[in-house]
Every structure is written in C-alpha cells, then in structure tokens.
Amino acid sequence: MLDPIIKVENLTKKYGDFEAVKGLSFEVYAGEIFGLLGPNGAGKSTTLEIIETLREKTSGKVIVNGIDIENDPAAVKKIIGVQLQTAGFYPGLNLVELLDLFAGLYNEEIDPLAILDSVNLRDKAKAKFKELSGGQKQRFSIATTLINKPILIFLDEPTTGVDAVSRKEFWEMLQLLKAEGITIVVSTPYMDEATLCDQVALIQE
Ligand code: ADP
Ligand code: MG
C-alpha cells in the first residue's frame, strides 16, 4: 500500500478547557478528493488550519508528504495551496491581472491562462473580478490556491450557502483538478456531498 500523503494521528485541540478536536485520526491518499464532513462547530476549520500549519495543535501527530508539521512547517507551506478570502481581490482588476499580482507576491512564475483552464474560467480571462457570478468568483478563489503549484489543496466549506447549480459546477471542477493529479481536502457540512468524495472522515461535535 502507498504511504498516505496526509496522516493525522490522534489529533486534539483545546481552546482553554474546551476540547474542539477530540482524538481525530485519518489518512489521505495522493490523488484523491478527501471530504471532512461535519456540522457547524465540529472542528473542521480547526483541523484544516492545524494541517496547514496555521494553528498549533494540542497533541497528536500530523505528517504531510512525509514531513512532520512540527519539524518543518515551512516545507509544508511550500507544497500546499490554501484558499484565500475573496475580500482581498481588487474588484477592478481582471482575472489575469489578479493572478499575476498574487504570483508576484508568492514570487512564482505562472501561466495565468493555464490556471484559468483548470477552473473553467479561461473565457473570463479579461473580465474583472466584480463582473463574475457567485459561482465564478468561487472558482476563481480556487484558482488562487494553484499559484504555487501545490500537490495538495485545502478548501474549507467552499460550497456552504452556494446554490445547487453552482455546487454541481464546483464539484465538476474538483474532478478537473483531481485529473491534474492534485490531492484535494475539502470540508463540508452537507452529507450529500460525501458521495462526491473518494473518501470521507465524519466528525461530530
Ligand atoms: P467548524 O469549522 O467545523 O464549524 P471550528 O473548528 O471552527 O468548527 O470550531 C470548533 C469548535 O471550537 C467550535 O465550538 C468553536 O466555537 C470553537 N473554536 C474555534 N476557534 C476557537 C478559538 N479561537 N477560541 C475558542 N474556541 C474556538
Ligand atoms: Mg469552519
């Protein structure tokens, strides 16, 4: 059996006396769409942010691509893509300009049109962010996770509050990214989305 690309072992997170993550264990394999399912407050964001090395764990072990996150968080950050808050997108720039801007911040050389292809937005290359529909804005925010050419991306509740048509388009886009060989970890409160994942972990409050 292949080694997992993510291995989470007995992860806990306490906020004061409150235990938000209670001994969670799971493994994610390269190339799959892995769903983290659970209701509001179950600890999905906390778990994702710990794996992304953005939040400290209380105990347990997390290995990402063979790297213990405790030993080398910077090496983990280099190979992962994390969705940015759309609030940071200048509304008056077009999509190519925005991607170039972010690439400059990451100090990366990119092909903006190839990235837009990955999320089915090439035909919107010259459109301004503010001119996009809700579903398109959502897909563009996924495009920004691809700038550093990650092998693994994390999406925290990307479909929450999104209409049914956009949700369907969104999951089709995840299949495109998967076909490019990117491993996807996605959290959702919607049980019906479990069937769209290759593997799921269910977490309860
Ligand atoms: P989810 O993303 O599944 O909704 P979270 O990881 O955001 O869950 O939160 C899990 C629990 O931890 C919730 O009860 C939440 O109120 C609590 N929590 C999250 N962040 C903090 C924090 N910084 N300080 C205290 N409690 C927190
Ligand atoms: Mg959350």
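Which helices each supply at least two residues of the lining of the largest cavity? Helix 5 (134-143) and helix 6 (164-179) do. The notes below start there. Bear in mind that this is a predicted model.

1. **The cavity.** The structure holds 1 cavity of 30 Å³ or more. The volume of the largest cavity is about 30 Å³. Its lining is made up of G135, Q138, R139, S166, E169 and F170.

2. **The hairpin.** Strand 1 (residues 6-15) and strand 2 (residues 18-28) run antiparallel, joined by 8 bridges. Look at L11 for one such pairing: its bridge partner in strand 2 is L24. The two strands, strand 1 and strand 2, form a hairpin with 2 residues between them. In the turn, G16 has a positive phi of about 65°.

3. **V96 in its helix.** V96 sits in helix 3 (residues 95-106). Is V96 buried or exposed? V96 has a relative accessible area of 16%, so V96 counts as buried; the cut-off for buried is under 20%.

4. **Neighbours of V96.** Leaving aside residues up to four places away in sequence, V96 touches P112, L113, L116 and A125. K149 lies 53 residues from V96 along the chain. The C-alpha atoms of V96 and K149 are separated by 16 Å.

Notes: Residues numbered from 1 in each chain as written. Chains lettered and ligands numbered in written order. Predicted model: local features only at pLDDT ≥ 70, side-chain atom pairs only at ≥ 80, totals over all residues. Heavy atoms only, no water. Helix = DSSP H or I, 4+ residues; strand = E, 2+ residues; numbered from the N terminus. Buried < 20%, exposed > 50% of the residue type's maximum accessible area, 1.4 Å probe, protein only. Contact = heavy atoms within 4.5 Å. Pairing = 2+ DSSP bridges. 1 Å grid on protein atoms, 1.4 Å probe; cavity = no way out; pocket = protein on both sides within 12 Å on 5 of 7 lines; lining within 4 Å. Points joined across faces, edges and corners; volume = space filled by probe spheres on them.
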